Amino acid sequence: MAFYHRAVDASVTPLANILHRGTLALLVGEKIFARGETYFRDGRVQKLTRAKGVLTATVRGTSTYEVRIWASREGVAYKCQCPFGAEGLFCKHAVAVALAWVNAEGNRDNAFQAQLRKLGHAELYAVVDAVAKTEAGKKLVIEALTSIIGS
Ligand SMILES: [Zn+2]
């Protein structure tokens, strides 16, 4: 039972905070966003991986392009092999990859929550106790309790 580590896993936060559908749409404009979404829905994003804060995937378009996305000081940085991407503009391939990742994260969260719902009181207590072993974890637990029960 190692899944509860995710509750205190801060390594997912930078990209997760930035890459939301709304933020993306604002960032790239409606036209590119719509094209990227179509690419994502058509299943053109493949080999999506995340390592050391960098998302990597290939996108099948006119050619197959490799796309990388990572969090930078300015927000989101990315690289794509297409001509549009070479100009430093957020292209439809990058949008498709970002959406694929947001979607995968959502599925992971749902699976995590489904797992939590199956736990009994003793198991939930053990999970909370394990999370609260560190100062950061204890703070998280107290914050969660405060928001549920009220202060
Ligand atoms: Zn591109």
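Two strands pair if DSSP finds at least two bridges between them. Helices (H or I, at least four residues) and strands (E, at least two) are themselves DSSP runs, numbered from the N terminus. Keep both ideas at hand for this tour.

The model is predicted: local features need pLDDT of at least 70 and side-chain atom pairs count only at pLDDT 80 or more, while totals for chains, interfaces and linings use all residues. Residue numbers start from 1 along each chain as its sequence is written.

**Stop 1: the sheet**

Select β1 to β4. You will see an open sheet of four strands in the order β1-β2-β3-β4, paired antiparallel. β1 (45–51) and β4 are the edge strands; each has a single partner, so one side of each lacks a neighbour in the sheet. On average, neighbouring strands are turned by 20 degrees against each other, direction ignored (axes are lines fitted to C-alpha atoms, for helices over the stretch in contact, and angles run from 0 to 180 degrees between N-to-C directions).

**Stop 2: across the strands**

Start with β1 and β2, which are joined by five bridges. Pick Thr 49 and find its bridge partner in β2, Thr 56. Next, show β2 with β3: seven bridges link them, and the two form a hairpin with three residues between them. Here Leu 55 has Ile 69 of β3 as its bridge partner. Keep Ile 69 selected and look to β4, where Tyr 78 stands opposite. Six bridges hold the pairing of β3 and β4.

**Stop 3: two helices**

Now select α2 and α3. How do their axes cross? They come within 6 Å and cross at roughly 125 degrees.

**Stop 4: the core**

Finish with the largest nonpolar core, which has 27 residues. Such a core is a set of buried Ala, Val, Leu, Ile, Met, Phe, Trp, Tyr and Cys residues joined through C-beta atoms within 7 Å; buried means 20 or more other C-beta atoms within 10 Å of a residue's own, exposed 12 or fewer, and partly exposed in between. The largest share, eight residues, comes from α5. Val 67 is among the residues with the most contacts inside the core. Zoom in on Val 67 to find Ala 57, Tyr 78 and Ala 94 among the residues it touches.

Methods
Contact = placed C-beta atoms within 7 Å. Lists of a residue's contacts leave out its neighbours within four places in sequence.
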